[in-house]
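Please check each against the coordinates.

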Amino acid sequence: MRPSDRLLVALALAWLALVGCWLHATLRVREANDHRAAAAMVRRLGLTDLALFTEARYTRHPSQADRFAPFQDHPGAVEHFPTGSVVAPPEGP
Amino acid sequence: MTARAWLERQRSLLDYTLASLGRRRAKNLSLLLVYGLVVFAVASTLLLAEALRAEATAALRGAPDVVVQRLQAGRHDLIAAAEVERLAAIRGVERAAGRRWGYLYRPVSKANLTVLVPERFWGSDGEVVIGEGVARVEHLSAGATIYLPTGSGEVLAFTVREVIPPESSRFTTDLLLLSEASFLRLFGAAPDRYTDIALTVPNAREIPKVAEKVLLLLPGARAITRLEMSRTYQSIFDWRSGLVMAMLSAALLAFALVAWDKAAGLSAEERREIGILKAIGWDVSDVLLVKAWEGAVVSAAAFTGGLVAAYLHVFVGSAALFAPVLQGWSTLSPRLHLAPALDGLQLATLFFLTVVPYTVATVVPAWRSATADPDAVMR
């Protein structure tokens, strides 16, 4: 087998893996159920935010936090929670 | 040249390219590794952000249409129960409901819980329903007892009625649900004050107008529409800002370094190789084709490898490597078992941002050497 043939086989396998990922993504029916379960729970409890960052109230509920919350200690205080560096402040109106 | 002859020629060039890459095996393998890692980091970030954004957008369709908060000196303050009636009277509002919720810090588990009174709590007064994360860090299960201190120092005992199923943990992991009477006892809250008021507006097109009317009615208040909640998450997981940008910039800088190193020039050995090829009769176009193939082979391998690894990392491995970054100081974090959401345009952008510059960076210095006199190049 020539080196180029081996490469083509390897590339074909790699692309098959990519197609596999895509198939996996479309066929994950259980996850779709998860989506529905989460949406149903959000509706039932009237939730407003993802519970990803629970360290401070303005990172737990970014959509509900007032604009001063990250700087609550005193005006101009530096935001001290690590999440503040990965979550951008809400956009102005 | 027939198509078959052209194909045969490309295959021969490819054979030569692979042999040439093989001669500098260690260097090329390390390059492939770094390149693949960059694609992996960028793709993982994009896949995670896209999945979280899709999740937030889909689930927040069920969020309240408008949430009305009272502000006091720029801070969120409790709102009088009497306002519920006034807000319900706004044309377009089907119903207004006062909501009670707050936060509770648990010194033992160092976790911040979100305490919420559902509109229709399905347990009795001495019972609570907890999120999957709360059950995990507090070592609780259905039937267990949880002790919560009140503001006055008294300790209340609650029975865990049930644990919310993990399917919705992205939204509910830190929740502690209880009845209104329990909430009032626990926090010593005034019964005639709510945390905020949720409005139901059946016609989505009326929501902005309703929000305007709320502000006319309660000038010091803040009306947060569902669209704004959704937009908050769009902007948090937007690739230009916040989370994605923080991770992306480091990876892109690393990649720029690799590409720069490559574009800055060829090694003496590579220049000699090009000189020899020219001397034995290769065209400039042949040399460039070999180099283009070299760039394409390395980038295609790194791109596919990196992308597949990123997919497995995010959707099979629950984005384990990003967990410490996402968690920050939070003790309670949901398990990121996300539904895959692939954005073709984003992946295509990633492809063109990584594969094309690298291939060009490989060809340009080769072109400079290939157009020079072979004798001068080999010297």
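1. In this predicted model, the helix α11(B) meets α13(B) through B:V284, B:V287, B:L288, B:K291, B:A292, B:E294, B:G295, B:A296, B:S299, B:A300 and B:F303, which face B:F351, B:T354, B:V355, B:Y358, B:T359, B:T362, B:V363, B:A366, B:W367 and B:A370; residues are in contact if their C-beta atoms, placed from the backbone, lie within 7 Å. By class, this contact has 14 nonpolar, five polar and two charged residues, where Ala, Val, Leu, Ile, Met, Phe, Trp, Tyr, Cys and Pro count as nonpolar, Asp, Glu, Lys and Arg as charged, and the others, Gly among them, as polar.

2. The axes of α11 (residues 284-316) and α13 (residues 344-370), both of chain B, come within 8 Å and cross at roughly 155°, which makes α11(B) roughly antiparallel to α13(B). Angles, taken between N-to-C directions, run from 0 to 180 degrees, and axes are lines fitted to C-alpha atoms, for helices over the stretch in contact; roughly antiparallel is the term for angles over 145 degrees. The crossing of α11(B) past α13(B) is right-handed, that is, the near helix is turned clockwise from the far one by less than a right angle. Helices here are DSSP runs (H or I, at least four residues), as are strands (E, at least two), and both are numbered from the N terminus.

3. The helix α13(B) also packs with α2 (residues 25-59) of chain B, at an angle of about 160° and with the axes 11 Å apart, so α2(B) and α13(B) are roughly antiparallel to each other. On the α2(B) side the contact is made by B:V39, B:V42, B:A43, B:L46 and B:E50, and on the α13(B) side by B:Q346, B:L350 and B:T354, a set that divides into five nonpolar, two polar and one charged. Here, too, the crossing is right-handed.

4. For α1 (residues 3-23) of chain B, the packing with α11(B) has an angle of about 65° and an axis separation of 9 Å, in a right-handed crossing. The residues B:L13, B:L14, B:Y16, B:T17 and B:L21 of α1(B) meet B:D286, B:L289, B:V290, B:W293, B:E294 and B:V297 of α11(B), with eight nonpolar, one polar and two charged residues in the contact.

5. B:T195 lies in the loop between β10 (193-194) and β11 (196-200) of chain B, and this residue counts as buried because it has 22 C-beta neighbours inside 10 Å (20 or more is buried, 12 or fewer exposed, and in between partly exposed). Leaving aside neighbours within four places in sequence, B:T195 is in contact with B:L78, B:R99, B:R100, B:W101 and B:G102.

6. Between the chains, 50 residues of chain A are in contact with 64 residues of chain B. On the chain A side, α1(A) gives the most, with 12 residues, and by class that side has 30 nonpolar, 10 polar and 10 charged residues.

7. As to confidence, the model scores ipTM 0.80 and pTM 0.83, while chain B averages a pLDDT (the predictor's confidence in each residue, from 0 to 100) of 86, with 96% of the residues at least 70. Local features need pLDDT of at least 70 and side-chain atom pairs count only at pLDDT 80 or more, whereas totals for chains, interfaces and linings use all residues. Residues are numbered from 1 along each chain as its sequence is written, and chains are lettered from A and ligands numbered from 1 in the order in which they are written.

Technical notes: Angles under 35 degrees count as roughly parallel, over 145 as roughly antiparallel, 65 to 115 as roughly perpendicular and the rest as oblique. Two residues are in contact if their C-beta atoms, placed from the backbone, lie within 7 Å.
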